[in-house]
Amino acid sequence: MTQESDQWPLWEVFVRGKRGLSHQHTGSLYAADAQMALENARDLYTRRQEGISIWVVPSNSITASSPEEQGAFFEPAGDKVYRHPTFYPVPEGVENL
Amino acid sequence: MGNSKNMTDSGSDRFEQGFWDKIREETRIEPKDWMPEGYRKTLIRQIAQHAHSEIVGMQPEGNWITRAPTLERKIGLLAKVQDECGHGLYLYSAAETLGASREELLAALHEGRMKYSSIFNYPTLSWADIGAIGWLVDGAAIVNQISLCRNSYGPYARAMVRICKEESFHQRQGYGIMLTLTQGTDDQQAMAQDALNRWWWPTLMMFGPHDSESSHSEQSTAWKIKRQSNDELRQRFIDITVPQADHLGLAIPDPDLKWNEAEGHYESGEIDWDEFWAVVKGGGPCRRQRIKTRVDAHEKGQWVREAATAYAHKRASRQEAA
């Protein structure tokens with residue numbers, strides 16, 4: 001049973017509060033596009049009017065610094081924010097992956 | 001070849017040492033940090049089951065939205081149920097940082113391969129149950145979640161902090177309902193007492209088996225996922241809640257309950273462990289209904305997900321054309 005939402009990208013949500021100086025990373029969510037992501041972020045993370053500004057960024061667009069311990073044996077995957085399976089593309093026709 | 005194998009071993013030893021250093025120093029473990037596979041798997045299971053509990057928990061309370069006695073109560077209940085949905089979503093996000101996929105977690109719930117808190121398999125038989133749930137079930141959840149705010153995994157701890165901030169409104173809403181009922185007619189008082197009678201023991205069961213019977217506790221404690229024991233948290237909940245019941249003029253349905261001045265705690269009777277294990281293993285009165293409702297909602301919502309995707313494509317082509 002394939003889901004349309006399997007293809008929705010993951011978005012990271014950053015919220016700046018009324019008295020806040022900068023956007024804080026608040027969490028993540030799935031949405032079909034940026035507008036939907038913004039609306040979902042408003043419903044999910046600002047139910048108590050915590051935010052006056054919301055940024056949503058596709059998780060894939062974020063490059064993160066790596067933890068201190070870096071060895072040559074571990075890919076310092078700076079472009080992967082999480083250990084998320086959807087970051088690793090699965091070739092067509094390959095199953096059980 | 002021999003050299004690189006040695007380097008790999010000492011490399012991963014170094015990472016493992018780093019992991020335990022963080023645990024010891026109370027530095028949070030973050031998604032990209034090295035972690036034992038068992039730690040990752042245990043957290044995925046615990047966080048996801050916590051998320052499932054929030055989503056399924058919307059059902060017993062959602063049951064009374066259309067029958068709330070006043071508009072104010074209806075609005076309060078709607079907001080609470082909406083919050084529970086939000087809590088579930090924060091937790092799914094936290095579980096996903098460990099490499100779990102939303103589709104997989106939902107499939108596991110729908111197919112019975114993953115659990116949720118058995119408390120939600122009890123029925124809500126009267127409006128007073130909504131009060132009892134907010135006061136007792138959310139109260140117990142708060143005790144547990146405050147402890148979890150100090151767990152070692154960053155995203156889970158941060159989700160707990162956010163959830164705790166929202167949860168106190170839930171408990172006050174529930175207690176407020178109990179207050180209104182106990183200050184009302186004889187029938188209302190009886191309804192409140194009846195709800196307490198039915199929800200007290202299942203709430204105590206939320207804290208899990210006795211420490212001596214809890215198989216995973218030792219490992220979870222070493223990993224600092226679990227910061228306090230089941231019995232410790234359960235005792236804390238009892239000590240907090242009994243005076244609240246006294247204030248309402250309601251009787252806790254435990255003939256063995258009594259204040260121990262020397263210990264500074266309430267002594268309480270023994271939980272019916274047969275009921276506990278029967279319910280945990282799937283015997284809760286509403287278990288099948290809860291899962292069916294969840295699966296139906298997911299399947300009947302398929303067209304909404306498809307529509308959202310189609311609309312996103314349409315919006316994108318419109319922007320390209322413009």
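Which exposed residues are carried by the face of α11(B) turned away from its buried side? That face carries Arg288(B), Lys292(B) and Lys300(B).

## Basis of the model

This is a predicted model, in which local features need pLDDT of at least 70 and side-chain atom pairs count only at pLDDT 80 or more, while totals for chains, interfaces and linings use all residues. Residues are numbered from 1 along each chain as its sequence is written, chains are lettered from A and ligands numbered from 1 in the order in which they are written, and side-chain values use heavy atoms, with hydrogens and water left out.

## Helix α11 of chain B

Helix α11 of chain B covers residues 287-300. Helices (H or I, at least four residues) and strands (E, at least two) are DSSP runs, numbered from the N terminus. The 14 residues of α11(B) should span 20 Å at 1.5 Å a residue, and the end C-alpha atoms are 20 Å apart, which agrees; the expected span is 1.5 Å times one less than the number of residues.

Buried residues of α11(B) are Arg290(B), Ile291(B), Arg294(B), Val295(B) and His298(B). Here buried means under 20% relative accessible area, exposed over 50%, and partly exposed in between (1.4 Å probe, protein chains only). Seen down the axis of α11(B), its buried residues fall within an arc of 125 degrees, so they line one face of the helix; the arc is that of the directions from the helix axis to the C-beta atoms. These buried residues pack against α2, α4 (102-110) and α12 (302-321) of chain B, where contact means heavy atoms within 4.5 Å.

Gln49(B) is placed in helix α2 (residues 37-62) and counts as buried at 19% relative accessibility. A polar atom of the Gln49(B) side chain lies 2.9 Å from the backbone nitrogen of Lys115(B). For a polar contact, a pair of N or O atoms must be within 3.5 Å; within protein, one must be able to donate a hydrogen and the other to accept it, and residues adjacent in sequence count only if both atoms are side-chain atoms. Leaving aside residues up to four places away in sequence, Gln49(B) touches Met114(B), Lys115(B) and Tyr116(B).

Ala307(B) belongs to helix α12 and is partly exposed, with 36% relative accessibility.

## Loop residues of chain B

Glu26(B) lies in the loop between α1 (2-25) and α2. Although Glu26(B) is not a glycine, its phi is positive, at about 60 degrees. Its relative accessibility is 46%, so Glu26(B) counts as partly exposed. Lys224(B), in the loop between α8 (217-222) and α9 (230-248), also has a positive phi in a residue other than glycine, near 55 degrees. Lys224(B) is buried, at 18% relative accessible area.

Pro209(B) sits in the loop between α7 (186-205) and α8, and its relative accessibility of 13% makes it buried. Not counting residues up to four places away in sequence, Pro209(B) touches Ser214(B), Asn230(B), Asp231(B), Arg234(B), Trp273(B), Phe276(B) and Trp277(B). Between Pro209(B) and His313(B), which are 104 residues apart in sequence, the C-alpha to C-alpha distance is 51 Å.

## Cysteines

A disulfide is a covalent bond between the sulfur atoms of two cysteines. With a cut-off of 2.5 Å between cysteine sulfur atoms, a search of the whole structure finds zero disulfides over all chains. Cys85(B) is in no disulfide, and the nearest cysteine sulfur, that of Cys164(B), is 19 Å away. Cys85(B) is partly exposed at 25% relative accessibility.

Cys149(B) is buried, with a relative accessible area of 18%. Its sulfur is 3.8 Å from the closest cysteine sulfur, in Cys164(B), which is too far for a bond.

## Chain A

The secondary structure of chain A comes to one helix and three strands, in the pattern β-β-α-β along the sequence. Of its 97 residues, 40% count as buried. Among contacts in chain A between residues at least 6 apart in sequence, 43% join residues at least 24 apart.

The accessible surface of chain A is about 6200 Å², with 52% belonging to carbon and sulfur atoms. Accessible areas come from the Shrake-Rupley method with a 1.4 Å probe; for residues, only the protein chains shown count as cover.
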